[in-house]
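Me: I have a structure to look at before I set anything up. Can you walk me through it?

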Amino acid sequence: MSHENAKQQDLARATTDGRAPMSTNQGQPVGDDQNSLKAGGRGPTLLEDFLLREKLQHFDHERIPERVVHARGAAAHGFFEVYDDSLSEFTTAQVLTDPSLKTPVFVRFSTVAGSRGSADTARDVRGFAVKMYTPQGNWDLVGNNIPVFFIQDAIKFPDLIHAAKAEPHNEIPQAATAHDTFWDFISLTPEAMHMVMWVMSDRAIPRSYALMDGFGVHTFRLVNAEGVAHFVKYHWKPKHGAHSLVWDEALKLAGADPDFHRKDLWESIEAGNCPEWELAVQIFDEATAAQFDFDILDATKIVPEDLVPLRRVGRMVLDRNPDNFFAETEQVAFMTTNIVPGMDFTEDPLLQGRNFSYLDTQLSRLGSPNFSELPINRPLACVANHQRDAHMRHTINKGRVAYAPASLDGHDPAATGAADGFHSHAVALEGRKLRERSPSFADHYGQAKLFWNSQTAVERAHIAKALSFELSKVATREVRVRMLDHLQQINPVLAAQVGRALGETAGDSAAAVPPSAASDKADEIAIFASAVSPTSASGRLQSTRGLSLLDGSQPASAAGRKVAVLAAPGSDASQILSLRSALSCAGAQAMVVGPHLGPLTGEIAAMATFANSSSVLFDAVFVPGGAPGVQQLTEIGEARRFLDEAYRHGKPIGVLAEGRALLAATQLGTLSGLAATAASGSSGSPAATLEAQGVLIADGSDVATAVDRFVATLARHRFPDRPLAAQIAA
């Protein structure tokens, strides 16, 4: 049995398809599961009905406590493989040094603040937790899609979460930080400012789980065969790049499809478009760390890639959905203390607290120290120790020895374990017991400025809009003003623009312009183009690679994208088939949206309707030709809105032949001059201008070329700086 398939076969031992004749949990056959045992047809139910009691009692106890944080999640199975043995100079961990090994993994993605019933697209940190079933035991890399955190010491974690959660007096708002208690806490916690920049950026509203980075957050250690240790930071880099939603789109998705992210993960794997990431590491020694002007034990700091470049060492592919959400996704128990020989912790005070808290949490949620025996948590490595009993024990331990040292039943008192067992790295420690923060943790603004400087002007505008939205929901003026003081420390133009949205004077007020709502606006973007700040605690860098989503460094790919094809009876079926074929070759998917479900034209059938669908559910919109079909579409307001909304959200739009009439009938058509051109019959056209904005218009004479151009545009993901977006009401 290959190690790659070992976990799947291990889980299969505990899996049933439910097709056997019905029985009780004790194996007794059940003859009638629809009627309780009564004294007469209309008489009282009898206490002796053990079938009824078992069914109801199991139902009454089906729910376990949801996670306090990361309650809303989705997960998948897959594998990890390292490219070569080059890391053997740094670690003895087989999972990182043996290229012949395919390690089974189970990965859970999540939001942080919301309950299990909240929406996927809330502005929030995303959990990125990876459980690897290695031959040396389970390794859990429990991280986020953001590489830093709000706080430096775990003792503040309960305060952070209490502040971020719904306010306790009225349980409002759900899965949102736009309220007084969160920003009151943040405004009194300067160490959070770097994380605030990340959470107010587009990183906090990812397009999908497959299109977001993952980070281990903390600095860990790798230890080699000679006992020499190096520091390591872990990064997961998505194969098709990291991409985001826009804020207006995220808000609408929460209503249109609260399960948007979990559904995308499930459907992508079912369709064979398996999400893939590369594992990258930053490895450096004590001497290098000592040269930094920040502390590598501070979880509110990154190690900039320009100081320590990423080294890509392996890949992870998710290729199988869970068979049962509760048994796998809900019962999986991640712990930061699950590491293997060749790895170790650092003295990061946030990590030290997590090492205690995660085990404590699993004991509370899953109800027993035997949670590690649940199939999804059970390691593939051999388990042998003297732990016994407790609730729901699965293992049957033979013999009478449950202690050490022991000489009975063949035990050897001198046996102390294998030489290749786990050993903590011998770190020299000294110091007095005290409660204080290291002075090396004191700079709270330098890396917030580094992140700000590393963003494009569009991304800076999005941060300002996000802060304006969040703080406008804060009823207490003193809290808003305190936050503006912090923003002034990061960048005075940022403070001024947010201040103007809040009706306050702050920062460089002369630079502020009238704020728009959710859409990008040219003058807002322009004021941020040169709004940079001198940094500190950043390795003397003013900006660095890897922090921007829009600087052109992300891979361009159409894989995994979903395109809405707007059609009606009479639309050109051949053009739709050409598009569908081209998208399939690129790993993307076309979904026909029509006025009704079922057959529309030729062999084309609608899989969604304008009544149950929306442009926010798709990455792009395409309108084929066919005069009769286009004529019907122009009379449907929702079809016109599809195009206007897609344009406002920066999404690629493709229009062929007669489909141009639908585009001309939209607000975009009127504002761009396309409608007037169509009405006059003029040969002139604003098509070239629109193409630069990701709106492709073709006459249909060469469908194959037009479709290829559209797929290439789709690979760019989004066109964020569209001049007419702010004028479109969609």
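Reply: What follows goes through the cores, some helices, the cavities and a few backbone details. One point to begin with: this is a predicted model.

Me: Fine. Which residues have the most contacts inside the largest nonpolar core?

Reply: Phe150, Trp183, Ile186, Met197 and Leu467. That core has 62 residues.

Me: And which elements give two or more residues to this core?

Reply: They are α3 (157–164), α4 (180–187), α5 (193–199), α11 (446–453), α12 (457–472), α13 (477–490), α14 (492–502) and α15 (522–528). The largest share, eight residues, comes from α12.

Me: What is Leu467 in contact with, leaving aside neighbours within four places in sequence?

Reply: Trp183, Val196, Met197, Met200, Leu487, Leu494 and Val498.

Me: What about a second core, which residues does it include?

Reply: The second core is separate and has 40 residues, including Leu245, Leu643, Ala646 and Ile728.

Me: Back to α13. How far does it reach from its first C-alpha to its last?

Reply: It reaches 20 Å with 14 residues, close to the 20 Å expected at 1.5 Å a residue.

Me: Which residues of α13 are buried?

Reply: Val479, Arg480, Met483, Leu484, His486, Leu487 and Ile490. They sit on the same side of α13, because they cover an arc of only 160 degrees around the axis. Those buried residues pack against α4, α5, α11, α12 and α14.

Me: Now α1. Which residues are buried there?

Reply: In α1 (residues 3–12), the buried ones are Ala6, Lys7, Asp10 and Leu11. Seen down the axis of α1, they fall within an arc of 125 degrees, so they line one face of the helix. What the buried residues of α1 pack against is β1 (73–82), β2 (103–111), β3 (126–134), β9 (311–320) and α9 (325–330).

Me: Switching to cavities. How many of 30 Å³ or more does a search of the whole structure find?

Reply: Nine. The largest cavity has a volume of about 160 Å³.

Me: Some single residues next. Is Phe220 buried or exposed?

Reply: Phe220 is buried because its relative accessible area is 9%, and the cut-off for buried is under 20%. Phe220 is in strand β6 (residues 220–223). The C-alpha atoms of Phe220 and Lys233 are separated by 6.4 Å, with the two residues 13 apart along the chain.

Me: And Thr634, buried or exposed?

Reply: Thr634 is buried, at a relative accessible area of 17%. It is found in helix α17 (residues 627–634). Thr634 touches Arg640, Ala661 and Leu662, residues up to four places away in sequence not being counted.

Me: Where does Leu374 lie?

Reply: In the loop between α10 (349–366) and α11. Leu374 is buried, with a relative accessible area of 17%. Beyond its neighbours within four places in sequence, Leu374 is in contact with Gln331 and Leu366.

Me: Is Ile396 buried or exposed?

Reply: Ile396 is exposed, with a relative accessible area of 75%. Its place is also in the loop between α10 and α11. Ile396 and Ala442 are 46 residues apart in sequence and 53 Å apart in space, C-alpha to C-alpha.

Me: Backbone checks, then. Where are there cis peptide bonds?

Reply: The bond from Ile172 to Pro173 is cis, with omega near 0 degrees. Pro173 is in the loop between α3 and α4. Another cis bond joins Ala404 and Pro405, with omega about 0 degrees. Pro405 is in the loop between α10 and α11.

Me: Which residues have a positive phi without being a glycine?

Reply: Among them are Met392, with a phi of about 60 degrees, and Ala657, with a phi of about 45 degrees. Most residues other than glycine have a negative phi. Met392 is in the loop between α10 and α11 and is exposed, with a relative accessible area of 65%. Ala657 lies in the loop between β17 (653–656) and α19 (660–664).

Definitions and conventions. Residues are numbered from 1 along each chain as its sequence is written. This is a predicted model: local features need pLDDT of at least 70, side-chain atom pairs count only at pLDDT 80 or more; totals for chains, interfaces and linings use all residues. Side-chain values use heavy atoms; hydrogens and water are left out. A nonpolar core is a set of buried Ala, Val, Leu, Ile, Met, Phe, Trp, Tyr and Cys residues joined through side-chain atoms within 4.5 Å. Buried means under 20% relative accessible area, exposed over 50%, partly exposed in between (1.4 Å probe, protein chains only). Helices (H or I, at least four residues) and strands (E, at least two) are DSSP runs, numbered from the N terminus. Contact means heavy atoms within 4.5 Å. The expected span of a helix is 1.5 Å times one less than its number of residues. The arc is that of the directions from the helix axis to the C-beta atoms. On a 1 Å grid over the protein atoms alone, a cavity is a set of points where a 1.4 Å probe fits but cannot get out, and a pocket is an open set with protein on both sides within 12 Å along at least five of seven lines; lining residues have an atom within 4 Å of a point. Grid points are joined across faces, edges and corners, and a volume is the space filled by probe spheres set on the points.
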